[in-house]
Amino acid sequence: MCGGAGCGLLVFTPLAGGPRWLLLAGAALVGLGLLSVFLEIGRPLRAANVLRHPGRSWMTREAMVAPLLFAVVAAAAFGASPAPWLSALVVLAALAFVYCQGRMLQAAKGIPAWREPLTVPLIVATGLAEGGGLWLLLVSASAGPASLLPWLAFALILAARFALWLSWRRRLRAAPRALAAIDRAGHAFKAASLLPLAMALWAVIAPPPPAAAIALQVLAGGLALAGGLWFKFTLVTRGA
């Protein structure tokens, strides 16, 4: 949950703009996710073994991407003037990390709700939508109303997330209990995609006054973030 949302924020911030501390917030979320995984390991001192299988383990590849991600974020956040190529590296490293997360789920062939190939783009799109929602929330508190471009990007990724979820659900073949849990979460997920999408289109077509625009950002961003987190929580803890 934290890794996807953090990577989404790290993709959204260089593209949409905003203060550089947003990069640190995204990296902190990724770090919190990795720390959570470390704390749930039965033998934490053996965690370094995850680095032993880069040729066949997406968890290993994720662990190898993480130091690169933190390094480029630190360079972009603390550098005197972040160069465009450095911002591009942040985006690429964040996309690689969340892609590894999706592939880890899809590689669990014994779990029908995870092994569907569309799980990978769905997880990536969900993380990006969460990051966009988090960006809207944080920017509304520090920099005021968002401009047209972030709203457009937010609307596009929400539409992609919703379309991927529909296709993924239609193709899914799982046990009845798993499907029931996924469908229960799906009601909230669909609402948390379509309502923010409608708000984003409103902000693009007929921009409201600044005070209303900030309220719209908070509501749309919060819904998109909460819906994605709830879906991933249900997919991992109930869909399995």
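Start with α1 and α7: their crossing is right-handed (the near helix is turned clockwise from the far one by less than a right angle; left-handed is anticlockwise). This is a predicted model, in which local features need pLDDT of at least 70 and side-chain atom pairs count only at pLDDT 80 or more, while totals for chains, interfaces and linings use all residues. Residues are numbered from 1 along each chain as its sequence is written, and side-chain values use heavy atoms, with hydrogens and water left out.

**Stop 1: α1 and α7**

Select residues 2-16 for α1 and 148-171 for α7. Helices here are DSSP runs of H or I, at least four residues, numbered from the N terminus. The two pack at about 145 degrees, with axes 10 Å apart. Axes are lines fitted to C-alpha atoms over the stretch in contact, and angles run from 0 to 180 degrees between N-to-C directions.

Now show side chains. F12, L15 and A16 of α1 meet L149, P150, A153 and F154 of α7 (contact: heavy atoms within 4.5 Å). By class, this contact has 7 nonpolar, no polar and no charged residues. Nonpolar covers Ala, Val, Leu, Ile, Met, Phe, Trp, Tyr, Cys and Pro; charged covers Asp, Glu, Lys and Arg; the others, Gly among them, are polar.

**Stop 2**

Select both cysteines. A disulfide needs two cysteine sulfur atoms within 2.5 Å, and the structure holds 0 disulfides. C7 is buried at 0% relative accessible area, and C100 is buried at 4%. Buried means under 20%, exposed over 50%, partly exposed in between (1.4 Å probe, protein chains only).

**Stop 3: α6 and α9**

Select residues 119-142 for α6 and 210-237 for α9. Their axes come within 8 Å and cross at roughly 145 degrees. This crossing is left-handed. By class, the contact has 14 nonpolar, 7 polar and 2 charged residues.

**Stop 4: Q217**

Zoom in on Q217, in α9. Is Q217 buried or exposed? Q217 is buried, at 0% relative accessibility. Its side chain reaches the backbone oxygen of L136 at 3.2 Å. Beyond residues up to four places away in sequence, Q217 touches L136, V139, S140, G144, P145, A146, W151 and G222.

Definitions and conventions
A polar contact is a pair of N or O atoms within 3.5 Å; within protein, one must be able to donate a hydrogen and the other to accept it, and residues adjacent in sequence count only if both atoms are side-chain atoms.
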